[in-house]
Amino acid sequence: MEEIKVFCPATIANVSCGFDVLGLALDSVGDQMTVRKTSDKGIHITKIMGQKLPLETENNVAGVAGLALLEKSDYDGGFEIEIDKRIKPGSGIGSSAASSTGAVWAMNELLGKPFSKLELVEFAMQGEKLASDVAHADNVAPAIYGGFTLVRSYEPLDIIPIPTPSELYATVIHPQIEIKTSDSRKILKTTISMQQGIQQWGNLGGLVAGLFQNDYDLIGRSLHDYIVEPIRSILIPAFDDIKANALKAGALGSGISGSGPSIFALSKGEETAKKVAESMKNTYQNIGVDFDIHISKVNSQGVKKIA
């Protein structure tokens, strides 16, 4: 195989209570990438459609992640990459992660899968480091593994796949503003109180338990963030109204997707997810905020071949 086309899923990171350690992959929104082998060494990004992003390898997250893989490979040639960018940068649903993971997953396929999923996450994290100054894995891990993932440890890297209840749906609304992850991280506090920690650990444990047990009520009770959301939510228009109205429409819980400005809600069943979407739409339409909205099942596969 000399060429491959892949779907690179959008992702929701943090999922309220799991800052930098928890994430999930979406099924209905993502980028597409075409990657092919070339005799020219290195990574060459030949085309980007949909968004204005740098073609220079060292300035593009896909290029940087690809170089990290290539450095560990015994492959003598290089790769060309075309990106159909359908996730807007700064949207809070893993735009940089989609490019990073798509590149390394596709390259690994073309090389005969010499690298494990864990190694692919490590390569993709270098793209995240370029995008946000921090090599975090909460977006790239679910994009590679699919479903929900927990980053149990960063040193050494330890990724735990978590099962997804079959009726779980995500609704994500993206107000048309951009919040850079690097800027959003700068406003966070570097210390928390013992009380905040206890509340957060309890919710993270509860959410993971709820996912394993298919306990939708427990999932809903656990979707609370006492550390990051109170700070980041001030950057997002009508955040409290969006969240309150989503809960009234039947959502299990709601919160900031990644670093924002997107807001996610989890629901049991597609019908409820659609009602939640209508409540979110109405909130922003009433105050004149433009938005994109997505309804999606959780993507159990992650990056996948489409041609």
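**A look at helix α6**

A: In α6, the buried residues are G197, Q200, N203, L204, G206, L207, V208, G210 and L211, where buried means under 20% relative accessible area, exposed over 50% and partly exposed in between, with a 1.4 Å probe and protein chains only. This is a predicted model, in which local features need pLDDT of at least 70, side-chain atom pairs count only at pLDDT 80 or more, and totals for chains, interfaces and linings use all residues. Residues are numbered from 1 along each chain as its sequence is written, and side-chain values use heavy atoms, leaving out hydrogens and water.

Helices (H or I, at least four residues) and strands (E, at least two) are DSSP runs, numbered from the N terminus. The cover over the buried residues of α6 includes β2 (22-38), β5 (148-154), β6 (157-162), β7 (168-175) and α7 (216-222), with contact meaning heavy atoms within 4.5 Å. Helix α6 itself runs over residues 194-213, 20 residues in total, and spans 28 Å from first C-alpha to last, close to the 28 Å expected at 1.5 Å times one less than the number of residues. After α6 comes N214, with a positive phi near 55 degrees.

Now the cysteines: C8 counts as buried at 0% relative accessibility, and C17 does too, at 3%. The whole structure has 0 disulfides, taken as pairs of cysteine sulfur atoms within 2.5 Å.

As for the rings, there are 3 aromatic pairs, counting Phe, Tyr and Trp (its six-membered ring) with centres within 6.5 Å; planes under 30 degrees apart are stacked, over 60 edge-to-face and the rest tilted. Y75 and F79 have ring centres 5.2 Å apart and planes at 45 degrees, so this pair is tilted. Y75 is partly exposed at 22% relative accessibility, whereas F79 is buried at 0%.
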